[in-house]
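Here's a look through one protein chain, for anyone who likes to read a fold by its contacts. Have the model open while you read.

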Amino acid sequence: MQLPKLNFKEDFVFDIKRDKDTFFIYDMVRKSWLVLTPEEWVRQHFVHYFTQVKKYAKSALILEKKLELNGTIKRIDLLITEKTAPKILVELKAPNITLTEQTFEQIARYNSVIGAEKIILSNGLQHIAARFENGNYHFENVEF
């Protein structure tokens, strides 16, 4: 399986296995093997980034949590917490998905329920970050 090199300074080491024609990646937070989809490849980079580079405890990461938004059940990709308070909401796309104003609006809607201080939208190649202050998003330059 050919996986794209993502836009991260570090080269993380992942546990990957193959069963017949399906590849799996080990998720150290959920302690389980997950099907290695393009989006999961991006998510696991962020899991490693926040635990190994930013030194967050694994317990501070919440992955694929259900969220009710306007009567519809959605699922957030990754939430970083500090003392259970939401700090960083991360919305992930596969590397072949272009980040647009619509995808940014999606994470902004999710954050209207979550209330994180910062949001990150990424397809692993391009990263967009914004801080929520005084009712507005202020974009920031970020490198991972």
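What follows covers the hairpins, a helix, the salt bridges and a pocket.

First, the ground rules. This is a predicted model, where local features need pLDDT of at least 70, side-chain atom pairs count only at pLDDT 80 or more, and totals for chains, interfaces and linings use all residues. Residues are numbered from 1 along each chain as its sequence is written, and side-chain values use heavy atoms, with hydrogens and water left out.

**Hairpins**

Helices (H or I, at least four residues) and strands (E, at least two) are DSSP runs, numbered from the N terminus. Two strands count as paired if DSSP finds at least two bridges between them. Strand β1 (residues 16–19) runs antiparallel to strand β2 (residues 22–27), with four bridges joining them. D19 has T22 in β2 as its bridge partner. The two strands make a hairpin with two residues between them, and K20 in the turn has a positive phi of about 60 degrees.

β2 also joins strand β3 (residues 32–35) through four bridges, again antiparallel. Here Y26 finds its bridge partner, W33, in β3. This hairpin has four residues between the strands, and K31 takes a positive phi near 55 degrees.

**Helix α1**

α1 has 16 residues and reaches 22 Å from its first C-alpha to its last, close to the 22 Å expected at 1.5 Å a residue (the expected span is 1.5 Å times one less than the number of residues). Is the helix enclosed or open? Well, 12 of its 16 residues are buried, so α1 is largely enclosed by the rest of the structure. "Buried" here means under 20% relative accessible area, "exposed" over 50%, and "partly exposed" in between (1.4 Å probe, protein chains only). Among the buried residues are W41, F46 and Y49. Just after the helix, K55 takes a positive phi of about 65 degrees.

**Salt bridges**

A salt bridge is a side-chain nitrogen of Lys or Arg within 4 Å of a carboxyl oxygen of Asp or Glu.

| Pair | Closest N and O atoms |
|---|---|
| R18 and D21 | 3.8 Å |
| R43 and E64 | 3.3 Å |
| E117 and K87 | 2.6 Å |

E117 sits in the loop between α2 (101–114) and β7 (118–122) while K87 is in strand β6 (residues 85–92), so their bridge ties together parts that are 30 residues apart in sequence. E117 is partly exposed, with a relative accessible area of 36%.

R18 and D21 are both exposed.

**The largest pocket**

On a 1 Å grid over the protein atoms alone, a pocket is an open set of points where a 1.4 Å probe fits, with protein on both sides within 12 Å along at least five of seven lines; lining residues have an atom within 4 Å of a point. The largest one has a volume of about 160 Å³, a volume being the space filled by probe spheres set on the points.

Which elements each supply at least two residues of its lining? They are α1, β6 and β7. The lining includes Y49 and F50, along with K87 and E117. By class, it has six nonpolar, no polar and six charged residues. Ala, Val, Leu, Ile, Met, Phe, Trp, Tyr, Cys and Pro count as nonpolar, Asp, Glu, Lys and Arg as charged, and the others, Gly among them, as polar.
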